[in-house]
Amino acid sequence: MSGAAPQREALIDLDAFRHNVRTLAAIARPAETMLAVKADAYGHGMVPLARAALEAGASSLAVLDIPAALALREAGITAPIFAWMHDPDALFGAAAEADIDLGVSAVWQLDAIAAAAASRAPRVHLKIDTGLSRNGATEADWPTLVTAALQHDRAGAVRLHAAWSHLADASPADDALALARLRTAVQIAEGLGARFERLHLAASSAGIREPEARLDLVRFGIAAYGISPFDDQTGRELGLRGVMTLRAPVVSTKRVGAGQGISYGLTYRTERETTLALVPLGYADGVPRIASGAGEVWIAGRRHPIAGRIAMDQFVVDIGDDPVEAGEEVVVFGPGDRGEPTAEEWAGYAGTIGDEIVARVGARVQRVYLGEQAVR
Ligand SMILES: *Cc1c(COP(=O)(O)O)cnc(C)c1O
């Protein structure tokens with residue numbers, strides 16, 4: 001294509017993703033697997049990843065909010081979809097009509113669902129705050145939330161389905177305390193007459209390492225994208241495969257002498273005559289600027305350090321005397337099979353977690369899917 005922008009690509013390996021989902025579902029069984037495809041499937045693209053998750057054995061999907069859930073329905077996905085963050089203007093009526101499972105943390109949400117007077121009653125999952133201090137009813141507010149849910153259930157406005165919470169991943173002891181708090185909340189609710197078909201608490205971390213937290217279903221996210229939720233084990237060591245490869249072609253090269261300053265601030269100077277390769281990816285594409293001076297990329301069969309600051313749209317690589325020309329593939333991160341850095345390594349360069357590395361890959365990076373199955 002003449003005149004096309006440089007191909008900034010995120011290759012998304014759906015076979016690797018399905019392998020991960022199958023691996024995690026097997027770990028969780030007999031608990032069910034709900035797969036989190038929030039934040040555009042952690043930057044991978046919501047609809048294709050949602051389909052692949054269901055193909056690989058997930059029984060339901062999790063997104064943050066109702067608009068994302070409705071987008072999955074519009075894409076033809078009929079599996080249960082769970083959404084749990086709602087502001088007062090949330091489209092509760094549309095969610096109910098589309099049979100979206102709603103996480104509910106407050107009485108006003110139940111009242112708003114009832115006021116929407118949809119033709120069908122949505123399933124609701126009541127959330128108790130077990131220590132993370134985000135949403136979820138406090139212990140003090142829990143009995144009131146349960147009582148309101150029972151009233152709306154009897155009136156036919158909602159179907160009380162589950163009780164749930166989310167862990168702080170601080171320590172096994174904190175998680176055990178959270179589990180105990182969830183169990184206490186369930187007992188209190190049962191004392192008020194509630195019956196729950198499902199209890200859920202664990203995400204990737206506890207889903208893998210804390211069998212007692214798996215309950216009826218595990219909401220797996222990051223591990224399915226091949227990134228470890230742990231500091232002491234990589235995704236590969238967990239038997240998972242990297243899903244995203246961020247890459248672009250070298251757009252130009254030039255030969256420069258010793259002492260040449262590179263990029264804003266001239267924080268890097270060449271030590272000797274060398275070749276510089278310009279790569280059309282920057283922090284607008286999700287390559288973290290804070291990794292300037294630390295990040296490495298894969299070019300022509302080996303790793304090379306990024307030279308100087310990562311800019312909005314580009315960075316420079318000092319490739320020495322390697323015979324690299326415009327058009328050569330540059331891999332920022334990938335599964336690591338060829339020796340390229342992984343998203344987990346990039347998290348290390350940037351002082352963050354792999355989740356942020358993949359979720360921040362920008363909109364102008366084209367997602368290209370490998371292993372897509374025929375449309376069913
Ligand atoms: C993001 C999220 C998950 C998945 O978490 P991971 O750590 O990515 O597995 C599960 N449940 C809730 C409520 C979430 O917000």
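1. Most residues other than glycine have a negative phi, and most peptide bonds are trans. Strands here are DSSP runs of E with at least two residues, helices are runs of H or I with at least four, and both are numbered from the N terminus.

2. A word on what you are looking at. This is a predicted model, in which local features need pLDDT of at least 70 and side-chain atom pairs count only at pLDDT 80 or more, while totals for chains, interfaces and linings use all residues. Residues are numbered from 1 along each chain as its sequence is written, and side-chain values use heavy atoms, with hydrogens and water left out.

3. Strand 15 (residues 296-299) pairs with strand 16 (residues 302-307) in the antiparallel sense, over four bridges; two strands count as paired if DSSP finds at least two bridges between them. Ile-299 has Arg-302 of strand 16 as its bridge partner. Strand 16 is also joined to strand 17 (residues 315-320) by two bridges, and these two strands run antiparallel. Here Ala-307 has Val-316 of strand 17 as its bridge partner.

4. In what order do the nine strands of the open sheet come? The order is 11-14-17-16-15-18-10-1-19, with mixed pairing. At the edges are strand 11 (252-256) and strand 19 (366-370), each of which pairs on one side only. On average, neighbouring strands of this sheet are turned by 35° against each other, direction ignored. Helix 1 (residues 14-28) packs on the sheet and touches strand 1 (9-13) and strand 19, and its direction makes about 45° with that of strand 1. For such angles, axes are lines fitted to C-alpha atoms (for helices, over the stretch in contact), and values run from 0 to 180 degrees between N-to-C directions. Contact means heavy atoms within 4.5 Å.

5. Two backbone details deserve a look. The peptide bond from Arg-29 to Pro-30 is cis, with omega near 10°, and Pro-30 lies in the loop between helix 1 and strand 2 (32-36). Asp-40, found in helix 2, is not a glycine, yet has a positive phi of about 55°.

6. How many domains, and where? The assignment for the protein chain gives domain 1 (31-225) and domain 2 (244-370); such bounds come from an automatic or database domain assignment. The C-alpha centres of domain 1 and domain 2 lie 39 Å apart. Seven residues of domain 1 are in contact with six residues of domain 2.

7. Which residues lie closest to the centre of the largest pocket? This pocket has a volume of about 1,100 Å³, and of its 43 lining residues the closest to the centre are Asp-169, Ile-222, Pro-229, Ile-353 and Asp-355. Helix 10 gives the most to the lining, with four residues. Both domain 1 and domain 2 supply at least three residues each. By class, the lining divides into 19 nonpolar, 12 polar and 12 charged residues. Ala, Val, Leu, Ile, Met, Phe, Trp, Tyr, Cys and Pro count as nonpolar, Asp, Glu, Lys and Arg as charged, and the others, Gly among them, as polar.

8. On a 1 Å grid over the protein atoms alone, a cavity is a set of points where a 1.4 Å probe fits but cannot get out; a pocket is an open set with protein on both sides within 12 Å along at least five of seven lines, and lining residues have an atom within 4 Å of a point. Grid points are joined across faces, edges and corners, and a volume is the space filled by probe spheres set on the points.

9. The second largest pocket has a volume of about 330 Å³. Its lining has 25 residues, and Arg-241, Gly-242, Val-243, Gly-334 and Pro-335 lie nearest its centre. Strand 1, strand 10 (244-249) and helix 10 each supply at least two residues of this lining.

10. Finally, the structure holds two cavities of 30 Å³ or more. The largest cavity has about 40 Å³ of space, and its lining includes Lys-127, Asp-129 and His-166. The second largest cavity has about 30 Å³ and is lined by His-166, Leu-167, Asp-169, Ala-202, Ala-203 and Ala-206.
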